[in-house]
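These entries record what I looked up on charged side chains.

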Amino acid sequence: MNLPSINYLLSSAKESLLRFPLTLLCAFCGVCLAIYMVELEDEITNYFPYINSLITFALGIPLFFCVTIISSKKDFGIATSIGSHVVAALVLLAIFLSLPDAENTHNTAIPYIRYSIFNIIVHLLVSFSPYLSGQQLNGFWNFNKTLFIRILTSILYSGFLYVGLILALSALHLLFDIDIKDELYFELWIVIIGLFNTWFFLSGIPEDIEQLESNHDYPKGLKTFAQYVLLPLLVLYLIILYAYGAKITILWDWPKGIVSYLISCVSVLGILTVLLFYPYGEMKENGWIKKATKVFYLLLYPLIALLFFAIGMRIADYALTINRYVIVLLGIWLTLVATYFTIGRKNIKFIPMSLAITLALMSFGPWGMFSMSESSQANRLLSILENNNLLQDGKVINEVIWEADSLPEWFYTKQDDTNEGVLSDSLHNEVYSIVNYLDDYHGLASIRSIFQQDLDSLIVISLDSNKYRNEAEIYMRSLGLNYSYKYINRTDTYFSYSSETTEIIYLNRFDYLTRVYLYNYRGEASEHTIDIEGKPYQLLFNAGDSLGLFFVSEMDTTNLFLGQKVDELIAAHGKEYTSNLDPSGMTLEGSSTDFDLKFIITDVQLQQENDTLKATTLSGDLLLKQVDKKD
């Protein structure tokens with residue numbers, strides 16, 4: 001009885017391999033590459049080529065699946081089928097070449113965001129591409145029902161298989177003392193999710209897609225799930241959102257920004273519910289489904305209006321970002337979908353097709369999400385600077401000039417924070433947010449022209465020191481503004497000072513080095529214990545009302561005068577988050593009976609609460625030189 005079952009599985013696996021060879025090849029290559037990355041994690045210095053290859057193979061799985069299904073559905077000849085697969089391979093190659101290829105790339109976010117959009121588009125293509133021509137709505141629904149159920153089944157089987165194998169490996173380790181590498185558990189997960197899950201999914205895809213149009217055997221469990229789980233949740237969320245809309249109307253209270261995201265999620269949930277209900281609504285005994293569907297789309301209009309109102313306020317106050325662009329476009333798409341079905345149209349293929357087209361249009365061009373959000377944020381920044389007299393003839397007034405001779409080791413200037421205090425705290429924070437946003441998503445090329453010096457060339461030179469450079473910090477400090485977020489309307493102030501660090505410490509005349517991390521626990525003193533030649537020593541950190549750092553031995557206690565150093569830093573830099581300070585100005589020195597001492601502060605976190613100054617954490621390097629003792 002078992003042999004036929006094994007033969008069936010092998011036969012099914014073989015048929016899937018012959019039917020979807022490139023899809024499984026992508027899965028296999030992705031799995032091999034992922035395992036290679038796990039095994040050689042410590043030896044890989046540049047992960048970008050590996051990650052780019054991995055996600056390209058991942059995209060190849062749905063793309064080649066889509067091409068194969070279309071070829072089968074349209075009954076393409078061999079030449080046409082091969083040509084379509086070659087075109088798909090060229091698309092993958094183009095996407096791979098568009099991804100970042102080095103760790104010092106100025107911006108790595110946008111290519112991966114664009115990749116994510118393409119991934120969504122490809123999955124949407126899978127859902128409707130076999131049914132582009134003609135109605136065949138029943139076949140379209142059955143095809144996507146098959147995909148949906150097959151995905152859930154594959155995940156279930158994969159999960160049980162992984163757990164079973166993990167338990168087997170654990171039993172071997174516990175019972176037979178077999179050494180199992182930790183990496184093996186993760187690699188096993190990669191193989192099951194990447195290869196087994198994909199292969200199992202493909203083996204359940206029907207070969208004759210045409211017959212799905214005549215299939216009217218709809219699973220009762222799916223209707224039960226939609227009717228008694230999704231529908232009540234949808235009604236609950238609609239009630240909550242309408243209650244919130246009523247609150248805004250009655251109290252004339254500005255809507256919170258998060259409401260846009262909630263409306264988007266609820267709308268998508270509602271559309272998914274409508275799609276699941278579709279074939280059941282065509283039955284005479286389920287007339288209520290058609291009525292409920294029309295009511296749902298009518299109820300969407302006030303929520304869409306609230307969405308545009310809420311996101312419009314955010315854009316008016318803080319300009320356009322990628323996230324806000326997506327919400328606006330999603331609102332437009334929801335309006336199109338609601339209008340399409342409200343006027344009596346019934347083609348449910350319109351939902352994924354219109355969404356795919358919308359996503360494709362927003363991913364490129366001057367009207368796209370990337371170009372518009374970058375220009376909007378850059379213009380907002382320039383407007384703030386101009387309105388507060390920080391720009392003259394398109395150039396920054398009192399620009400901080402960096403000393404080129406200090407590079408590549410340090411970014412040093414003779415005069416810092418030249419425009420500090422010109423902006424209010426709220427505008428300062430807005431500039432801080434804009435500069436960080438541009439650096440994270442678009443790069444800072446759009447504001448490069450307002451500086452007299454070529455900051456990018458200075459940053460490139462500084463990269464030779466192999467030290468981390470925060471480009472956003474350098475650009476904002478070049479504006480003459482402190483690179484920090486200012487807390488408003490708070491009774492206490494948090495700030496810190498940190499020095500520019502290096503992996504190499506020159507001991508010079510010192511004999512010992514220990515790295516220290518001390519923290520304030522409930523205002524109590526903390527200590528770092530050192531054992532040198534059998535003798536115990538302690539570095540005592542008093543973080544409370546009286547700041548202090550003390551080196552304690554059996555013979556004496558040495559005060560390193562941390563409080564005095566903090567006072568000097570406050571006088572020089574103010575109570576701000578200040579980084580990349582010269583270590584020579586962050587050094588404490590002292591002598592005890594046994595050692596000459598030097599403590600180089602790498603970071604100290606401080607809190608000003610009313611008239612009390614406290615330290616929360618202190619980290620640094622303690623160097624010790626034994627004192628020569630004469631008899």
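Entry 1. In this predicted model, I looked up Lys181 and found its side chain in a salt bridge with that of Glu39, at 3.4 Å from N to O. I then placed the partners: Lys181 is in the loop between helix 6 (137–176) and helix 7, and Glu39 is in helix 2 (residues 21–39), so the pair ties together parts that are 142 residues apart in sequence. I noted Lys181 as partly exposed, at 44% relative accessibility, and Glu39 as partly exposed, at 38%.

Entry 2. I next examined Asp511, which forms a salt bridge with Lys625; their closest N and O atoms are 3.7 Å apart. This pair links distant parts of the chain, 114 residues apart: Asp511 sits in the loop between strand 3 (492–499) and strand 4 (512–519), and Lys625 in strand 12 (residues 612–626). Asp511 is partly exposed at 35% relative accessibility, as is Lys625 at 25%.

Entry 3. Within helix 17 (residues 562–573), I checked Glu568 and Lys565, which lie three residues apart, about one turn of the helix. Their side chains meet in a salt bridge of 3.2 Å, N to O. Is Lys565 buried or exposed? I recorded Lys565 as buried, because its relative accessible area of 12% is under the 20% cut-off. Glu568, at 40%, is partly exposed.

Entry 4. My search of the whole structure returned eight salt bridges.

Entry 5. Finally, I looked up a negative surface patch, formed by Glu41, Asp42, Glu43, Asp179, Asp182 and Glu183. Of these residues, I located Glu183 in helix 7 (residues 182–203) and noted it as partly exposed, with a relative accessible area of 37%.

Conventions
Residues are numbered from 1 along each chain as its sequence is written. This is a predicted model: local features need pLDDT of at least 70, side-chain atom pairs count only at pLDDT 80 or more; totals for chains, interfaces and linings use all residues. Side-chain values use heavy atoms; hydrogens and water are left out. Patches are made of residues with over 30% relative accessible area and no salt bridge: like charges are joined within 9 Å, nonpolar side chains (Val, Leu, Ile, Met, Phe, Trp, Tyr) within 5 Å. Accessible areas come from the Shrake-Rupley method with a 1.4 Å probe; for residues, only the protein chains shown count as cover. A salt bridge is a side-chain nitrogen of Lys or Arg within 4 Å of a carboxyl oxygen of Asp or Glu. Lys and Arg count as positive and Asp and Glu as negative; His and the chain ends are not counted. The place of a charge is taken as NZ of Lys, CZ of Arg, CG of Asp or CD of Glu. Helices (H or I, at least four residues) and strands (E, at least two) are DSSP runs, numbered from the N terminus. Buried means under 20% relative accessible area, exposed over 50%, partly exposed in between (1.4 Å probe, protein chains only).
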